[in-house]
Amino acid sequence: MRKIAFGYSTRCNIKCEHCVAGEDIPGTLKIELDQAKEIIAELAAAHTQGISFTAGEPLLYLDEIAELIALCDEYGIYTRVVSNSFWAKTPELADRSIIKLKEKGLSQLRMSYSRWHQKNIPHQNILNAAQSCKKNGLDYFISFVTDFSEQDDPFEQYLRDNSLKFFPEPVIFSGRAESFERLPLRTDYQENCCAMNPYLTPNLDMYACCDAGSHFTKTNFFYLGNVKESSIEQLFKKSETNRLYNHIRILGITAIASFAGFTAREIIQYRKCELCEKLFNSPDTLATLQQEADSGLTSWYR
Ligand code: SF4
Ligand code: SF4
């Protein structure tokens, strides 16, 4: 099933300390509305079944995003918008945006929430947005970004106290969060497989991974190409047929790291995206893994 994260604009109205957007990313990169419509038509022709509008804050362009959602709806594409809920200051204001998005066919709203977001956006906005979704029949969930420290407990409790639907999402130590202190992990030896949905940036670069994929600067491992030079169908195919990407999807990062010589004790010290970065943002390790993609790695399955 083809799904993509659609970066409509890198512009955001707040500046979270943990944002994966590095300082080098221009603040106003944006796709023109007509061009975005053409891309959605191409995505539909390539049988894309889900589009998640993301990047900076998409709802700074509410009218344009609403038009794009309506277009996706015509093509039968599932849509999600990822938002910091700045627009939900009061229940009435929340309703105004939610009713419009729902009427245009939005499938799901995903609200970002964390101790970093909430330095700029009142908790009440999240509550207003979620309650409006419930009232107006729009599916939602809250993405609770956390580094699993005790500081986050009251933030999680707020969601529980208000009976809100949320899922914890580990902070990605990339971009502005690069220098954050990492707390020791207490996890098992996990597979760490990734679905790897591609990400389209506002300047039409497409990456195979929608999370930290665009920050692999030493190898550009996840870069698929630019939509001005290749068709979306070609770029999807590239993502789907790359042997190493498929090993990430099926074998998982942990087994690849073990194959590459990392000790089990070292592997469990890294978070998933950090381990991925150790493997695929190292030109030497990547060269070895590319050589082994069709041989050694294929025999490393249990
Ligand atoms: S994390 Fe989201 S809300 Fe915060 S600055 Fe980045 S894009 Fe904006
Ligand atoms: S582990 Fe790698 S492929 Fe998976 S989300 Fe992180 S950067 Fe992307």
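Two residues are taken to be in contact if their C-beta atoms, placed from the backbone, lie within 7 Å. In this predicted model, that criterion describes how Leu62, Ala66, Ile69, Ala70 and Asp73 in helix H2 meet Ser97, Lys100, Leu101 and Lys104 in helix H3.

**Helices H2 and H3**

- Two packed helices are described by the angle between their axes and the distance between the axes.
- The axes of H2 (residues 62-75) and H3 (residues 91-104) come within 8 Å and cross at roughly 25°; because angles under 35 degrees count as roughly parallel, H2 and H3 are described as roughly parallel to each other.
- Sorted by class, the contact of H2 with H3 has 5 nonpolar, 1 polar and 3 charged residues.
- Asp63, which is found in H2, counts as exposed because it has 9 C-beta neighbours inside 10 Å, where the cut-off for an exposed residue is 12 or fewer.
- Although Asp63 and Leu101 are 38 residues apart along the chain, their C-alpha atoms are separated by 9.2 Å.

**Helix H6**

- Helix H6, made up of residues 232-241, has Ile232, Leu235, Phe236 and Ser239 as its buried residues.
- Seen down the axis of H6, these buried residues fall within an arc of 100°, and they therefore line one face of the helix.
- An α-helix has 3.6 residues a turn, so residues three or four places apart point the same way.
- The partners against which the buried residues of H6 pack are strands S1 (2-9), S8 (205-207) and S9 (223-226), together with helices H1 (33-45) and H7 (243-250).

**Surroundings of the ligands**

- Ligand 1 is surrounded by residues including Cys12, Cys16, Cys19, Lys15, Glu57 and His117, and its shell divides into 5 nonpolar, 4 polar and 2 charged residues.
- Around ligand 2 there are 11 residues, of which Cys194, Cys209, Asp211, Cys273 and Cys276 come nearest.
- The shell of ligand 2 divides into 8 nonpolar, 1 polar and 2 charged residues, and its largest share, 3 residues, comes from helix H10 (residues 272-280).

**Phe173 in its loop**

- Phe173 is found in the loop between strand S6 (166-170) and strand S7 (199-200), and it is buried, with 21 other C-beta atoms within 10 Å.
- Leaving aside neighbours within four places in sequence, Phe173 is in contact with Glu178, Phe180, Arg182, Arg271 and Glu274.
- Phe173 and Cys19 are 154 residues apart in sequence, yet 9.0 Å apart in space, C-alpha to C-alpha; Cys19 is also one of the residues surrounding ligand 1.

Conventions. Residues are numbered from 1 along each chain as its sequence is written. Chains are lettered from A and ligands numbered from 1 in the order in which they are written. This is a predicted model: local features need pLDDT of at least 70, side-chain atom pairs count only at pLDDT 80 or more; totals for chains, interfaces and linings use all residues. A residue is buried if 20 or more other C-beta atoms lie within 10 Å of its own, exposed if 12 or fewer, and partly exposed in between; C-beta atoms are placed from the backbone. Helices (H or I, at least four residues) and strands (E, at least two) are DSSP runs, numbered from the N terminus. The arc is that of the directions from the helix axis to the C-beta atoms. A residue is near a molecule or strand if its C-beta atom, placed from the backbone, lies within 6 Å of it. Ala, Val, Leu, Ile, Met, Phe, Trp, Tyr, Cys and Pro count as nonpolar, Asp, Glu, Lys and Arg as charged, and the others, Gly among them, as polar. Axes are lines fitted to C-alpha atoms, for helices over the stretch in contact, and angles run from 0 to 180 degrees between N-to-C directions. Angles under 35 degrees count as roughly parallel, over 145 as roughly antiparallel, 65 to 115 as roughly perpendicular and the rest as oblique.
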